[in-house]
Amino acid sequence: MNELTITTPDDWHLHLRDSSRMEAVVGDTARQFRRAIIMPNLVPPVRNVDDARAYRERILAALPPGSHFQPLMTLYLTDNTSPADIDAASDSDFVFGAKLYPAGATTNSDAGVTDIARLDAVFERMQARGFMLQVHGEATGSEIDVFDREKVFIERSLERIRAQFPELPIVFEHITTRDAVEYVAAADDRLAATITPHHLLINRNAMFAGGIRPHNYCLPIAKREVHRQALLQAASGGNRRFFAGTDSAPHSQSDKESACGCAGIYSAYSALELYAEAFEEAGDFSHFEAFMSLSGPAFYGLEPNTGTVTLERREWTVPATLPFPDSPLIPFRAGEVLHWKLRGNTNE
Ligand code: NCD
Ligand code: ZN
C-alpha cells in the first residue's frame, strides 16, 4: 500500500498558546486538521465563555489565508467555576467541553482544581447539559511516583466522578498506560480516550537515549514498552472510544533545554504522518480513518468532516528547528526520516 485516503481528520486535544507563539504554530495544525479541541491552559486560563470567545477570535485572525480550520474551544475548570459558567458555555455554539486539570499536574495548571469534590455542582450541571468533561488524568500528590500518576488518578478520582455522575460524557485525555486502555475499554459509552502520536511511538527509554532528551519529555510522561504496545493496540484496534488527540504542546528550545525544562512535545508539524508511522508499526491501517476522522466527531456528537486527505508513502526528513518567538521550536522527531507524507502539505 502506497497511498492512504481518509476523511479529513480532526485533533481532539491541542495546545495553541497565544499571541506570537500561537501565530507561529497555528498554521501547522490548520494544514493537517479541519478542527481541533483547543486546550484552555493559557496564563491566565480560559475560564468562561467570554474568555473562550476572545481566544477563538484571536485564533481565527491568525489563520493562514484561505484556511478552513475551526477551533473548538474549552473552559478551564478552577475552584471558582460555577454552574452558570457551564450553562453559558453550553448555550454557545463554540465551546465543546471543560477541562479538569488537577492543580499542579502539568504546564500552567496552577489555577487547576485543588479538590475535585468542590466541583460537584459543576459536574452536576455538566451532566444535565450533556457537556463534555476533558480530564488530565494524573494524581498530583508528591508522594506518588511520576510513572504511577495515571493509574492512581483512575483509582482515586475517575472512578468516583463516573460513579457519582454516570451520565457525564468524559474524555480521558492523552492516555499513556495499559491500565487506562483497559479501564476505558471496559467502561460504558460515556467514556472515551485520546491517544497522542508520541505515546504511540516512544516509550520512556526515549527520554534517556545516550543522555537526557528533553524533547521527548511531556506529561503524562511516556511509560514502559508494555504500555506503548497497549496504546498501539487500542488506537489501531477499531474501538470507537479511542481517537486521535495530539497534545501537541509547543515550548521554545530554551524553555525545553533548561535545568527545569518544560513538559510538552510539539507534534503538530507532522501529526498525521506520525500517526501513520504508528499504524504502520501496528501493521493494520483498517481502522486508521476511524481513529483519525470518525470516532472523535461521533463521541462529540458532531458530523465527520467532508473532504479527504491523502498520505503517500515517501521518505522525508522532519526539520531540525522551526521558527518560534525568542528561541526556535524543536519538533518531535526533528531531523529524523518519516515514511508517510501528507499530499499537498507544503511543510517540507
Ligand atoms: C502541556 C502544555 O505544555 O501545555 N504539556 C504536556 O506535556 N502535555 C500540558 C498538558 O497537556 O499536560
Ligand atoms: Zn495537553
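Two strands pair if DSSP finds at least two bridges between them. Helices (H or I, at least four residues) and strands (E, at least two) are themselves DSSP runs, numbered from the N terminus.

## Basis of the report

This is a predicted model, in which local features need pLDDT of at least 70 and side-chain atom pairs count only at pLDDT 80 or more, while totals for chains, interfaces and linings use all residues. Residues are numbered from 1 along each chain as its sequence is written, chains are lettered from A and ligands numbered from 1 in the order in which they are written, and side-chain values use heavy atoms, with hydrogens and water left out.

## The antiparallel sheet

Strands of a sheet pair through backbone hydrogen bonds, either parallel or antiparallel. One open sheet consists of three strands in the order β1-β10-β11, with antiparallel pairing. Its edge strands are β1 (3-7) and β11 (337-342), each of which pairs on one side only. From one strand to the next, the twist averages 30 degrees; angles run from 0 to 180 degrees between N-to-C directions, and axes are lines fitted to C-alpha atoms, for helices over the stretch in contact.

Strand β10 (residues 308-317) is joined to β1 by five bridges, and the two run antiparallel. Within this pairing, I6 has V309 in β10 as its bridge partner, and L4 stands opposite L311 in β10. Five bridges also join β10 to β11, again antiparallel. Which residue of β11 is the bridge partner of L311? The partner is L342.

## The parallel sheet

A second open sheet has eight strands in the order β2-β3-β4-β5-β6-β7-β8-β9, and the pairing is parallel. Here the edge strands, each pairing on one side only, are β2 (10-14) and β9 (242-244). On average, neighbouring strands of this sheet are turned by 30 degrees against each other, direction ignored. Helix α6 packs on the sheet and touches β7 (170-172), β8 (191-195) and β9; its direction makes about 145 degrees with that of β8. Contact means heavy atoms within 4.5 Å.

Strand β4 (residues 70-76) and β5 run parallel and are joined by three bridges. In this pairing L75 stands opposite A98 in β5, and Y76 stands opposite K99 in β5. Is strand β5 (residues 95-100) largely enclosed by the rest of the structure or largely open? Six of its six residues are buried, so β5 is largely enclosed by the rest of the structure. Buried means under 20% relative accessible area, exposed over 50%, and partly exposed in between (1.4 Å probe, protein chains only).

## Helices α5 and α6

Two packed helices are described by the angle between their axes and the distance between the axes. The axes of α5 and helix α6 (residues 178-186) come within 10 Å and cross at roughly 20 degrees. That angle makes α5 roughly parallel to α6; angles under 35 degrees count as roughly parallel, over 145 as roughly antiparallel, 65 to 115 as roughly perpendicular and the rest as oblique.

Ala, Val, Leu, Ile, Met, Phe, Trp, Tyr, Cys and Pro count as nonpolar, Asp, Glu, Lys and Arg as charged, and the others, Gly among them, as polar.

## Helices α8 and α10

The axes of helix α8 (residues 225-236) and α10 come within 10 Å and cross at roughly 100 degrees. This makes α8 roughly perpendicular to α10. Residues R228, Q229, L232, A235 and S236 in α8 meet A278, F279, E281 and A282 in α10. By class, the contact has five nonpolar, two polar and two charged residues.

## Two buried residues

S157 belongs to helix α5 (residues 149-164) and is buried, with a relative accessible area of 14%. Not counting residues up to four places away in sequence, S157 touches I116 and V152.

F299 lies in helix α11 (residues 288-300) and is likewise buried, its relative accessible area being 15%.
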